[in-house]
Amino acid sequence: MNNLVVITGANRGIGLALSQQFLAQGDKVVALCRKTSTELTQLAATNELKIVENIDVATAQGIDNLTTALSGVQVDVLVCNAGILRDESLTDFNTETIREQFEVNALAPLSVAHALQTNLVSGSKIAMITSRMGSIEDNTSGGRYGYRMSKAALNIASVSLAKDLEGSGIAVGIYHPGYVQTDMVNYGGDISSNECAGKLVSLINSLTMAESGVFKHSNGSLLPW
Ligand code: NDP
């Protein structure tokens, strides 16, 4: 496709698999991470992939490093994928982990999109990797306060982004990857990160302005807010 794709949290899990899939269809990838991995470094050795380390998306320094690294670079696709999952319940309450998830899962993707605004052009796309656990209607089991709250916040922020960027011709997709075999879920998911990334890449490829702000499962079905 020959797009320039920027991915956060690209050193492992879904972010790494997304890097592989975008490269496979002929795109160039800028892989953002805090620290590279053996797999990502190997991928860069034989592909049009540039690794940018020291991008902690939840810190002002990380956002600064990001704008410096991408200064003057046109970004066709921005994938905000980095995220964390902690656990809290009424019997094991922890405001620190709730706050931490809010910083990484909600505030950071919005800050990344804000920081790269001038790198995006008409026709560029932003993909927010959220979770159906941020769906209010889909919440039938409770708990997971910080994760659910942070992903719900990401969802509403992404809808605002979609509205605000409409006039600039920039589409925003909000995607639940499915239950994916990564470290986040102790590799207990239903689908591999490669399968998930393949589905996400085809959804991003087909994202149009007409459906900007859409909240979809990687299987293509619409999710309730
Ligand atoms: P992993 O735990 O395998 O990977 C998480 C990635 O996020 C890592 O690259 C990690 O980097 C990065 N990351 C975490 N915090 C930061 C930070 N502060 N700055 C920069 N990078 C950071 O998880 P997945 O690949 O499974 O998750 C990817 C996305 O998919 C997340 O947003 C997650 O919420 C979402 N998701 C995943 C599901 C699943 O079943 N796996 C289900 C629903 C949603 P590092 O190596 O430095 O920690």
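**H3 and H4.** I looked up helix H3 (residues 60-69) and helix H4 (residues 95-115), whose axes come within 10 Å and cross at roughly 30°. H3 and H4 are therefore roughly parallel to each other (angles under 35 degrees count as roughly parallel, over 145 as roughly antiparallel, 65 to 115 as roughly perpendicular and the rest as oblique). Axes here are lines fitted to C-alpha atoms, for helices over the stretch in contact, with angles from 0 to 180 degrees between N-to-C directions. Helices are DSSP runs (H or I, at least four residues), numbered from the N terminus. I noted a right-handed crossing for H3 and H4; right-handed means that the near helix is turned clockwise from the far one by less than a right angle, and left-handed anticlockwise. Ile63, Leu66 and Thr67 of H3 make the contact with Ser111, Val112 and Ala115 of H4 (contact means heavy atoms within 4.5 Å). Ala, Val, Leu, Ile, Met, Phe, Trp, Tyr, Cys and Pro count as nonpolar, Asp, Glu, Lys and Arg as charged, and the others, Gly among them, as polar.

**Basis.** This is a predicted model, in which local features need pLDDT of at least 70 and side-chain atom pairs count only at pLDDT 80 or more, while totals for chains, interfaces and linings use all residues. Residues are numbered from 1 along each chain as its sequence is written, and side-chain values use heavy atoms, with hydrogens and water left out.

**H1 and H2.** Next I checked helix H1 (residues 13-24) against helix H2 (residues 38-46): they pack at an angle of about 15°, with axes 10 Å apart. H1 and H2 are therefore roughly parallel, and their crossing is left-handed. On H1 the contact uses Leu16, Ser19, Gln20 and Leu23, and on H2 Glu39, Leu40 and Leu43. I list four nonpolar, two polar and one charged residues for H1 with H2.

**H1 and H6.** H1 also packs with helix H6 (residues 193-206), at about 60° with axes 8 Å apart. That makes H1 oblique to H6. The crossing of H1 and H6 is right-handed. Among the residues that meet are Ala17 and Leu18 in H1 and Ala197 and Val201 in H6. The contact of H1 with H6 divides into nine nonpolar, six polar and no charged residues.

**Ligand.** Which residues come nearest to the ligand? Of the 29 around it, I found Asn11, Arg12, Asn81, Tyr147 and Thr182 (near means a heavy atom within 4 Å). An oxygen atom of the ligand is 2.7 Å from an N or O atom in the side chain of arginine 12. A ligand nitrogen atom is 2.8 Å from a side-chain N or O atom of aspartate 56.

Key. Helices (H or I, at least four residues) and strands (E, at least two) are DSSP runs, numbered from the N terminus. A polar contact is a pair of N or O atoms within 3.5 Å; within protein, one must be able to donate a hydrogen and the other to accept it, and residues adjacent in sequence count only if both atoms are side-chain atoms.
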